[in-house]
Amino acid sequence: MTAKSEDVWQEASEQLISARDVIRFGATQMAQSDIYFGHGTDNAWDEAIFLLLEVLQLPWSLLDSIIDARLTQSERDQVLNLYLRRIHERKPAPYLVGRAWFAELPFLVNEHVLVPRSPFAELIEKQFSPWLTKNPERILDLCTGSGCIGIATALAFPESTVDLSDISAHAVDTAWQNIDYHQVDDRVRAVESDLFSALDDQRYDLIITNPPYVDKEDLDSMPKEYHHEPEIALASGEDGLDFTRRLLTEAKKHLTEDGLLFCEVGNSWWALDEAFPDLNLTWIEFENGGHGVFVIDAKTLAQHF
């Protein structure tokens with residue numbers, strides 16, 4: 001940092017007063033930088049708000065009420081330090097504060113798990129309608145990471161039991177932290193497993209997964225922010241389908257007769273359609289943005305694999 005830029009940040013620490021002042025300054029500084037937005041927000045203004053509210057430990061719903069409130073010197077310095085780190089470290093904002101939001105719920109995160117950002121949130125809000133027509137007794141969230149998708153689904157179906165699984169022991173530890181955080185340990189558990197290997201002969205009414213699906217070309221071209229995330233949770237071979245091929249082959253053994261599999265493959269959707277042109281996948285259209293999520297039923301899987 002140059003002496004001139006140090007002066008700018010020192011001046012901000014001394015002269016900014018309200019939450020609005022600090023947000024405006026942070027948004028300007030981030031907008032003038034080369035950082036990439038895509039881990040919970042898509043613009044500098046919302047990123048600045050997110051970091052400020054995390055320091056103040058307040059929800060987004062109170063933003064209008066506190067926007068003109070005075071900040072203490074300590075609060076200003078904490079927020080400004082996060083803005084500065086966000087710009088210079090190029091680390092996703094949720095990693096800086098150890099928390100992210102998914103499906104309007106808070107989750108503990110770290111660099112052993114992806115930052116939650118899946119369109120599965122919309123499916124959970126709608127209880128997987130219209131495809132799911134009855135409450136599932138048993139649910140599996142494969143490649144769970146922080147556990148956000150599985151735990152949010154458990155809260156949407158309070159009578160269901162849910163298994164969260166991941167190949168990463170660190171991710172499983174994080175998932176357990178979130179199970180405790182949301183107090184659902186009476187019906188949700190986390191298991192270290194490579195795909196279905198540690199799940200024995202369990203069968204599920206609903207399997208949901210946001211697995212690694214990034215192809216080599218996309219991985220190599222990703223902004224720096226994504227390289228703070230665990231590569232094992234992103235990369236899946238040359239075409240992004242290494243994991244999904246295994247999943248489709250093995251899933252039928254772990255679904256009930258009327259079970260459903262929902263899987264996110266992001267930008268690799270076209271490669272999947274090309275690889276399995278005769279497979280009857282239903283691609284889901286989202287109202288709130290997102291793409292590359294399909295649903296398939298157990299009977300169709302059994303016929304094809």
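Student: What makes strand 6 (204-209) largely enclosed by the rest of the structure?

Tutor: This is a predicted model, by the way. Six of the six residues of strand 6 are buried, so the strand is largely enclosed by everything else.

Student: Why is Pro136 called buried?

Tutor: Buried means under 20% relative accessible area. Pro136 comes out at 3%, so it counts as buried.

Student: Where is Pro136, and what does it touch?

Tutor: Look in the loop between helix 7 (120-125) and strand 3. Skipping residues up to four places away in sequence, Pro136 touches Phe157, Ser160, Asp205 and Leu206.

Student: How do you know that strand 3 and strand 6 pair?

Tutor: Pairing takes at least two bridges. Strand 3 and strand 6 have four between them and run parallel, so they pair. Have a look at Ile139, which stands opposite Leu206 in strand 6.

Student: And what makes strand 6 and strand 7 a pair?

Tutor: Five bridges join those two, again in parallel, and at least two are needed, so they pair as well. Thr209 stands opposite Cys263 in strand 7 there.

Student: Which residues touch the most other members of the largest nonpolar core?

Tutor: That core has 34 residues, and Leu247 is one of those touching the most other members, along with others including Phe196 and Leu261. Strand 3, strand 6 and strand 7 are among the elements giving two or more residues to this core.

Student: What is Leu247 in contact with?

Tutor: Leaving aside neighbours within four places in sequence, Leu247 contacts Leu142, Leu195, Phe196, Thr209, Leu261 and Cys263.

Key: Residues numbered from 1 in each chain as written. Predicted model: local features only at pLDDT ≥ 70, side-chain atom pairs only at ≥ 80, totals over all residues. Heavy atoms only, no water. Core = buried A, V, L, I, M, F, W, Y, C linked by side-chain atoms within 4.5 Å. Buried < 20%, exposed > 50% of the residue type's maximum accessible area, 1.4 Å probe, protein only. Contact = heavy atoms within 4.5 Å.
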